[in-house]
Amino acid sequence: MLKLPQSAYDSPRRHGEETYPHECCGVLLGQMDGSARTVTSTARCGNTRTHSPQNRYNIDPRELVRIQREGRERGEDIVGFYHSHPDHPARWSQTDLADAHWFGCSYVITSVENGNAVLTNSFELTGNDEDDKRLVDEKIEIA
């Protein structure tokens, strides 16, 4: 389960509207508590994808390391990632699965239709290694 305050739910949705028709991306920070991830903050990232930014995203590894370090200084860990799907459903794609590598983390996808955030879904990356990884539907609880 992914637990997040209203602000952490709204922020990625606004980010997706602002970057439309390109995908946005960012990091969810907080704590893991058993099978639940509780988000306490979000960090916007630049989509460094130069080819097909309307349906692909990439987070610069240096930016990710900086966000992780700053989060740890506040007592937060990376608990997930978010991105938008401009004019496509809020469901993961085969590319999303191939690019997901943080097991036990949430992957949040917001569908942005004609510049408006419509639906937000979350998926947990499960499995033991790259050969058996999968994204499974995850409940979102807004506090």
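**Note on helices, salt bridges, pockets and strand pairing**

1. E63 and R66 sit three residues apart, about one turn of the helix, and both belong to helix α2 (residues 61-73). Helices here are DSSP runs of H or I with at least four residues, strands are runs of E with at least two, and both are numbered from the N terminus. The model is predicted, so local features need pLDDT of at least 70 and side-chain atom pairs count only at pLDDT 80 or more, while totals for chains, interfaces and linings use all residues. Residues are numbered from 1 along each chain as its sequence is written, and side-chain values use heavy atoms, with hydrogens and water left out.

2. The side chains of E63 and R66 form a salt bridge, with N to O at 3.7 Å; the term requires a side-chain nitrogen of Lys or Arg within 4 Å of a carboxyl oxygen of Asp or Glu. E63 counts as buried at 19% relative accessibility, whereas R66 is partly exposed at 32%. Buried means under 20% relative accessible area, exposed over 50%, and partly exposed in between (1.4 Å probe, protein chains only).

3. The salt bridge count comes to nine. One of them joins D60 to R62, whose closest N and O atoms are 2.7 Å apart. D60 is buried, at 18% relative accessibility, and R62 is exposed, at 66%.

4. K133 and E130 also meet through their side chains in a salt bridge, at 2.7 Å from N to O. K133 is buried at 11% relative accessibility, and E130 is partly exposed at 40%.

5. Helix α1 covers residues 6-19, which makes 14 residues. From first C-alpha to last, α1 reaches 20 Å, close to the 20 Å expected at 1.5 Å a residue (1.5 Å times one less than the number of residues). Its buried residues are A8, Y9, S11, P12, R13, H15 and G16.

6. The largest pocket holds about 290 Å³ of space. A pocket is an open set of points on a 1 Å grid where a 1.4 Å probe fits, with protein on both sides within 12 Å along at least five of seven lines; lining residues have an atom within 4 Å of a point. The lining consists of Y57, N58, I59, P61, L64, F81, D99, A100, H101, W102 and Y107. By class, eight are nonpolar, two polar and one charged; Asp, Glu, Lys and Arg count as charged, Ala, Val, Leu, Ile, Met, Phe, Trp, Tyr, Cys and Pro as nonpolar, and the others as polar.

7. The second largest pocket holds about 200 Å³. Of its 15 lining residues, E23, N55, R56, H85 and S93 lie nearest the centre. Both β4 (77-86) and α3 (94-99) supply at least two lining residues, and α3 gives the largest share, three residues. This lining divides into four nonpolar, six polar and five charged residues.

8. Strands β2 (residues 25-33) and β3 (residues 36-45) run antiparallel and are joined by nine bridges; pairing requires at least two DSSP bridges between the strands. D33 stands opposite A36 in β3. The two strands form a hairpin with two residues between them, and G34 in the turn has a positive phi of about 65 degrees.

9. Strand β2 also pairs with β4, in the antiparallel sense, over six bridges. In this pairing G30 stands opposite D77 of β4.

Key: Grid points are joined across faces, edges and corners, and a volume is the space filled by probe spheres set on the points.
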